[in-house]
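Colleague: I would like to learn how to read strands and their turns. Can you take me through an example?

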Amino acid sequence: MAVATGELHYQAAWETEDTEILLDLQGDNFEPRLSLLYDSKELQHLSEQQKDQELKKNL
């Protein structure tokens, strides 16, 4: 119940040899949300390049 109302937030992060993983459980207004994010260490440079391009585009 505390998660669904926004009073409690769980987060766990760990990594393997080639992946960073984030698990997030939170809620607001009685709507819980579970998120799972995988980031490849090998492809991280591509993500950074895309962010740089977006920043330059928005200047």
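Modeller: Start with the terms. Strands are DSSP runs of E, at least two residues each, numbered from the N terminus. Two strands pair if DSSP finds at least two bridges between them. The model here is predicted.

Colleague: How many residues lie between β2 and β3 in their hairpin?

Modeller: Two residues separate β2 and β3 in that hairpin. In the turn, asparagine 29 has a positive phi of about 55°.

Colleague: How many bridges join strand β2 to strand β3, and in which sense do they run?

Modeller: Strand β2 covers residues 19-28 and strand β3 residues 31-40. They run antiparallel, joined by ten bridges.

Colleague: Which residue in β3 stands opposite leucine 23?

Modeller: Leucine 36 does. Leucine 22 has leucine 37 as its bridge partner in β3.

Colleague: Now the other hairpin. How many residues lie between β1 and β2?

Modeller: The β1 and β2 hairpin has three residues between its strands. Strand β1, residues 10-15, pairs with β2 in the antiparallel sense over six bridges. Glutamate 15 stands opposite glutamate 20 in β2.

Colleague: Let us turn to valine 3. Is valine 3 buried or exposed?

Modeller: The cut-off decides: buried means under 20% relative accessible area. Valine 3 has 13%, so it is buried. Its place is in helix α1, residues 2-5.

Colleague: What does valine 3 touch, leaving out residues up to four places away in sequence?

Modeller: Valine 3 touches Leu8, Tyr10, Leu25, Gln26, Gly27 and Asp28. By contrast, 31 Å separates the C-alpha atoms of valine 3 and aspartate 18, 15 residues apart along the chain.

Note on methods:
Residues are numbered from 1 along each chain as its sequence is written. This is a predicted model: local features need pLDDT of at least 70, side-chain atom pairs count only at pLDDT 80 or more; totals for chains, interfaces and linings use all residues. Side-chain values use heavy atoms; hydrogens and water are left out. Helices (H or I, at least four residues) and strands (E, at least two) are DSSP runs, numbered from the N terminus. Buried means under 20% relative accessible area, exposed over 50%, partly exposed in between (1.4 Å probe, protein chains only). Contact means heavy atoms within 4.5 Å.
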